[in-house]
Amino acid sequence: MFGYKGRWESDNHVTLTLFMHLPVDMSIYICTGYTDLRKSIDGLSGIIEDDYGLNPLAKALYCFAGRKTDRIKILFYDGNGYFLLLRRLNDGHHIWPRAKGEMWKLTRAGFYKMLSGEKLNPDTDTLTIIKHL
């Protein structure tokens with residue numbers, strides 16, 4: 001991190017550890033297809049609410065990817081304010097579902113697979129699939 005090219009950047013375990021202590025009742029969603037990652041908190045929360053009828057203030061992580069899947073944005077609200085995280089991979093890309101107009105509610109295992117760069121299986125890694133309104 002911060003220009004250091006060593007174990008920190010190459011060890012995906014660090015990334016997974018950041019998300020290991022999520023509350024048990026926290027939902028995890030990914031917006032499939034392409035999202036304009038120039039959007040910030042207001043634009044992404046608008047997609048969550050207007051396009052899918054979900055509450056951006058709920059106890060949930062909402063994940064988005066653009067055309068280049070080397071980066072994803074994760075939006076969540078902690079009860080006091082929003083966090084917007086950007087994850088950019090130095091090498092490679094996330095394997096992102098490209099079905100347009102769907103929001104997948106992931107299992108924790110599915111979320112960890114996505115962060116690890118593994119392909120998601122909608123039959124085993126998702127709890128529900130929400131269609132665009």
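Tutor: Buried means under 20% relative accessible area, exposed over 50%, and partly exposed in between (1.4 Å probe, protein chains only). This is a predicted model; local features need pLDDT of at least 70, side-chain atom pairs count only at pLDDT 80 or more, and totals for chains, interfaces and linings use all residues. Residues are numbered from 1 along each chain as its sequence is written, and side-chain values use heavy atoms, without hydrogens and water.

Student: Why is Lys131 called exposed?

Tutor: Its relative accessible area is 52%. The cut-off for exposed is over 50%, so Lys131 counts as exposed.

Student: What makes Glu102 and Lys131 a salt bridge?

Tutor: A salt bridge needs a side-chain nitrogen of Lys or Arg within 4 Å of a carboxyl oxygen of Asp or Glu. For Glu102 and Lys131, the N to O distance is 2.6 Å, so the pair qualifies. Glu102 lies in strand β5 (residues 102-106) and Lys131 in strand β6 (residues 126-131), so the pair ties together parts 29 residues apart in sequence. Strands here are DSSP runs of E, at least two residues, numbered from the N terminus.

Student: How do you know that Glu102 is buried?

Tutor: Its relative accessible area is 11%. Buried means under 20%, so Glu102 is buried.

Student: Why is Arg71 called partly exposed?

Tutor: Arg71 has 27% relative accessibility. Arg71 forms a salt bridge with Asp70, with the closest N and O atoms 3.2 Å apart. Asp70, at 15%, counts as buried.

Student: How many salt bridges does the rule give?

Tutor: Five.

Notes: Helices (H or I, at least four residues) and strands (E, at least two) are DSSP runs, numbered from the N terminus.
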